[in-house]
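Please look over the sequence and the model first, then read on.

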Amino acid sequence: MRAEHSRDALDDLLGALRRGEPEALSALVDRQGPRLYNFATRMCRSAEDAKDVTQETFLAALRSVKDFRGESTVSTWLFRIAANACRKMRRHGKFEPAHHLSLDELMPGEGPIARPAEGPETAVLRADVRTRLEDAIATLPPPYRAVLVLRDLEGLTTAETAGALGITLVTVKVRLHRARLALRRALAPTLGGHGAGVP
Amino acid sequence: MECRELFARLSEYLDGEITPEVCEALRRHVEGCERCDAFLDTLRFTVDVCRCLPPPPLPDDLRRRLHQLIENPPPA
């Protein structure tokens, strides 16, 4: 999980941004730019759109920094702006339509369930695991993908994710679980190690 | 607790976001159910692999665009 910067450090940064200190903007870009680009890349599925979303997020943040009251962390605030920018692109027809992930469809079948044969740090280095995982994330319906990326890739808490996406805690939990189950199903054939073919 | 009920709450269990009572009921079920225990292992592995996934590198042209923004920020 990505290291989360402390709330105090980010709030200090916010104060400096309000005072128009360029070092503060530079620090914000260094700290949050890669995270926002990661989120935008996975939501837009287009590097060019993700670059536009990332830049637009910082522009919108700077324009509205005086109105930000600090009810959430700075990173949650930035992800909220980025999520809205991604939704705007979706309304313009650049995103695939959303569909529902059914819990029943994600339940395991009757066959044996193979346990992982190696640790996650080792598995993530394997091309077959990486390809399956990246494809599975990319093909999640956008509402589920947004929750998964913020929770499991960017390390936001359930409450922060709910705040960033403007949804309830329960909705975050429901979407996260179904997204994880879909990824788990996609990874299942690789769980037994190299060359495994277990369902 | 039935397997299906457990199946619906496994992520909350992994994230420590359920009450101690439900957590204990889940733990007891998993201890006595080989399939649910194995499934939980695979779900935990899936979450951990996601957490190990490196982020895409920031492209140089985006870095340049953000640098320009730092040099010429819009009025707040």
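What percentage of the 199 residues in chain A do buried residues make up? The share is 51%.

## Model and confidence

This is a predicted model. For the complex, the predictor gives an ipTM of 0.92 and a pTM of 0.89.

Chain A has an average pLDDT of 86, and 87% of its residues score at least 70. Within chain A, helix α1 (residues 7-18) has the lowest confidence, with a mean of 74, while helix α8 (residues 142-153) has the highest, at 97. Over residues 195-199 of chain A, pLDDT stays under 50. For that stretch of chain A the model has nine contacts beyond four places in sequence. Chain B has an average pLDDT of 91, with 97% of the residues scoring at least 70. In chain B, confidence is lowest in helix α1 (residues 3-8), at a mean of 86, and highest in α2(B), at 95.

## Fold of chain A

Ten helices and zero strands are found in chain A. Along the sequence the pattern reads α-α-α-α-α-α-α-α-α-α. Of the contacts in chain A between residues at least 6 apart in sequence, 68% join residues at least 24 apart.

Between α2 (22-44) and α3 (47-64) of chain A there is a loop that holds Arg45(A). Most residues other than glycine have a negative phi. Arg45(A) is not a glycine, yet its phi is positive, at about 55°. Arg45(A) counts as partly exposed because its relative accessibility is 42%, which falls between the limits of 20% and 50%.

## Nonpolar core

In soluble globular proteins, nonpolar side chains tend to be buried together. The largest nonpolar core here has 87 residues. The residues with the most contacts inside this core are Phe39(A), Val53(A), Trp77(A), Leu133(A), Ile137(A), Leu148(A) and Leu183(A).

What does Leu133(A) touch, not counting residues up to four places away in sequence? In chain A, Leu133(A) touches Leu183(A) and Leu187(A). In chain B, Leu133(A) touches Val49(B), Cys50(B) and Leu53(B).

Thr57(A) is placed in helix α3 of chain A. Is Thr57(A) buried or exposed? Thr57(A) counts as buried because its relative accessibility is 0%, and the cut-off for buried is under 20%. Setting aside neighbours within four places in sequence, Thr57(A) is in contact with Leu36(A), Leu78(A), Ile81(A) and Ala82(A).

Gln55(A) also lies in helix α3 of chain A. Gln55(A) and Leu36(A) are 19 residues apart in sequence, and their C-alpha atoms are 9.4 Å apart in space. Not counting residues up to four places away in sequence, Gln55(A) touches Arg65(B), Leu66(B) and Leu69(B). Leu62(B) is in helix α5 (residues 60-71) of chain B. At 0% relative accessibility, Leu62(B) counts as buried. With neighbours within four places in sequence left aside, Leu62(B) is in contact with Tyr37(A), Lys51(A) and Thr54(A).

Helix α5 (residues 103-106) of chain A contains Leu103(A). With a relative accessible area of 12%, Leu103(A) is buried, so it falls under the 20% cut-off.

Which residues is Leu103(A) in contact with, leaving aside its neighbours within four places in sequence? In chain A they are His177(A), Arg178(A) and Leu181(A). In chain B they are Arg4(B), Phe7(B) and Ala8(B). Leu103(A) and His177(A) are 74 residues apart in sequence and 9.0 Å apart in space, C-alpha to C-alpha.

## The cavity

Rolling a probe the size of a water molecule over the atoms shows where empty space is left. How many cavities of 30 Å³ or more does the structure hold? There is one. The volume of the largest cavity is about 40 Å³.

Chain A contributes Arg151(A), Thr158(A), Lys173(A) and Leu176(A) to the lining of the largest cavity, and chain B contributes Ser11(B), Glu12(B), Asp15(B) and Glu17(B). Two or more of these lining residues come from α10 (169-187) of chain A, and two or more from α2 (10-14) of chain B. By class, the lining has one nonpolar, two polar and five charged residues.

Note on methods
Residues are numbered from 1 along each chain as its sequence is written. Chains are lettered from A and ligands numbered from 1 in the order in which they are written. This is a predicted model: local features need pLDDT of at least 70, side-chain atom pairs count only at pLDDT 80 or more; totals for chains, interfaces and linings use all residues. Side-chain values use heavy atoms; hydrogens and water are left out. On a 1 Å grid over the protein atoms alone, a cavity is a set of points where a 1.4 Å probe fits but cannot get out, and a pocket is an open set with protein on both sides within 12 Å along at least five of seven lines; lining residues have an atom within 4 Å of a point. Grid points are joined across faces, edges and corners, and a volume is the space filled by probe spheres set on the points. Helices (H or I, at least four residues) and strands (E, at least two) are DSSP runs, numbered from the N terminus. Ala, Val, Leu, Ile, Met, Phe, Trp, Tyr, Cys and Pro count as nonpolar, Asp, Glu, Lys and Arg as charged, and the others, Gly among them, as polar. pLDDT is the predictor's confidence in each residue, from 0 to 100. A nonpolar core is a set of buried Ala, Val, Leu, Ile, Met, Phe, Trp, Tyr and Cys residues joined through side-chain atoms within 4.5 Å. Buried means under 20% relative accessible area, exposed over 50%, partly exposed in between (1.4 Å probe, protein chains only). Contact means heavy atoms within 4.5 Å.
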